[in-house]
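Here is a short note for a colleague who is opening this structure for the first time. Please read the points in order, with the model in view.

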Amino acid sequence: MFRKLKARIQRKRILSGIPSYQQTVSYNEMFLCANLFETKFRRPIKSFLEVGANFFQDAFVVQQLNGIEDESIVVIEPNLEIFNIAKRWRPNYQAFNVGASNVETQLEMQVAGTKSRNSGVSSLFTRNLDEDWITGTQTVTVLPVKKILDDLDRDVTDFAKIDVEGHTFEVLQGFGDWLPKFWMIQAESELSHKYWQEQRYFFSDIHELMTDMGFDLFHHHVNRDCIQCDTIWVNRQFA
């Protein structure tokens with residue numbers, strides 16, 4: 001109850017800190033995750049990793065709710081235009097302008113620019129729908145998340161958020177031996193390949209992987225499109 005009250009009190013202050021050019025922030029999901037983490041583990045979130053960080057807005061919300069220091073926020077965002085804007089806004093986050101997957105390579109990314117109606121749909125896959133959301137392409141360096149985590153000077157395994165438009169399974173594989181060290185993970189996944197041509201893995205595959213790695217599914221919300229869903233996974237060894 002205290003956490004919910006705190007979230008309501010701080011909502012206005014958090015909104016005032018988000019740049020005016022960013023219109024979509026999953027506040028409710030981040031509030032839910034902060035509440036759940038403190039309820040399950042009896043302490044606030046002390047570190048945050050976000051893969052597919054867009055303008056870093058969700059990282060900022062989690063930081064404000066939990067008082068996380070900048071150096072314990074790790075954000076990964078391959079869209080160079082958006083990354084540069086976000087980096088100027090939050091310069092002290094540990095920020096990486098790369099894509100994430102289960103291999104190290106170079107790939108062509110479908111880019112949704114700052115003028116797109118949805119700046120969060122950049123993807124390493126080709127979008128199926130005939131929309132004006134994708135505004136171009138960009139060659140990006142792609143790394144396993146494990147490679148980034150191995151090189152950090154601190155542990156950031158409290159809470160991870162993954163929103164990578166069809167690529168969640170490959171990103172989770174790329175965590176390697178770091179995956180079972182995380183306390184909680186929030187991830188977007190798809191129920192079919194309606195959006196992304198090359199997508200091979202869906203919610204059922206992610207469910208099997210996460211269960212095998214010691215996580216329990218705590219929250220599952222299917223979005224209005226009935227294609228994508230948001231899930232929260234809790235590491236059963238810590239709960």
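**Notes on strands, cores and the pocket**

1. Strands β9 (residues 215–222) and β10 run antiparallel, joined by 7 bridges. Two strands count as paired if DSSP finds at least two bridges between them. Helices (H or I, at least four residues) and strands (E, at least two) are DSSP runs, numbered from the N terminus. V222 stands opposite C229 in β10. The two strands form a hairpin with 5 residues between them, and C226 in the turn has a positive phi of about 60°.

2. A word on the basis. This is a predicted model, in which local features need pLDDT of at least 70 and side-chain atom pairs count only at pLDDT 80 or more, while totals for chains, interfaces and linings use all residues. Residues are numbered from 1 along each chain as its sequence is written, and side-chain values use heavy atoms, with hydrogens and water left out.

3. Strand β8 (residues 184–190) is joined to β10 by 7 bridges, and the two run antiparallel. E190 has Q228 of β10 as its bridge partner.

4. How enclosed is strand β10 (residues 228–235)? Of its 8 residues, 8 are buried, so the strand is largely enclosed by the rest of the structure. Buried means under 20% relative accessible area, exposed over 50%, and partly exposed in between (1.4 Å probe, protein chains only). In a regular strand the side chains alternate between the two faces of the sheet. Here Q228, D230, I232 and V234 point one way, and C229, T231, W233 and N235 the other; all are buried.

5. C229 deserves a look. This residue lies in strand β10. C229 counts as buried because its relative accessibility is 0%. C229 and S189 are 40 residues apart in sequence, yet 5.5 Å apart in space, C-alpha to C-alpha. Leaving out residues up to four places away in sequence, C229 touches A187, E188, S189, L191, F203, H220, H221, V222 and N223. Contact means heavy atoms within 4.5 Å.

6. Now the sheet around β10. Its 7 strands form an open sheet in the order β3-β2-β1-β7-β8-β10-β9, with mixed pairing. β3 (94–96) and β9 stand at the edges with a single partner strand each, so one side of each lacks a neighbour in the sheet. From one strand to the next, the twist averages 15°. Helix α7 (residues 203–212) packs on the sheet and touches β8, β9 and β10; its direction makes about 5° with that of β10. Axes are lines fitted to C-alpha atoms, for helices over the stretch in contact, and angles run from 0 to 180 degrees between N-to-C directions.

7. There is also an open sheet of 3 strands, ordered β4-β6-β5 with mixed pairing. Its edge strands, β4 (99–101) and β5 (105–111), each pair on one side only. β4 and strand β6 (residues 136–144) pair in the parallel sense over 3 bridges. A100 has L143 in β6 as its bridge partner.

8. Which residues have the most contacts inside the largest nonpolar core? They are L49, F175 and I185, in a core of 31 residues. α7 gives the largest share of this core, 4 residues. A nonpolar core is a set of buried Ala, Val, Leu, Ile, Met, Phe, Trp, Tyr and Cys residues joined through side-chain atoms within 4.5 Å. Contacts of I185 beyond four places in sequence include F159, L172, M210 and W233. A second, separate core has 28 residues, among them M30, I45, F56 and M184.

9. Finally, the largest pocket. About 1100 Å³ of space lies in it, a volume being the space filled by probe spheres set on grid points joined across faces, edges and corners. On a 1 Å grid over the protein atoms alone, a pocket is an open set of points where a 1.4 Å probe fits, with protein on both sides within 12 Å along at least five of seven lines; lining residues have an atom within 4 Å of a point. The lining counts 47 residues, and N118, D163, E165, E188 and Q228 lie nearest the centre. β1, α3, β4, β7, β8 and β10 each supply at least two lining residues.
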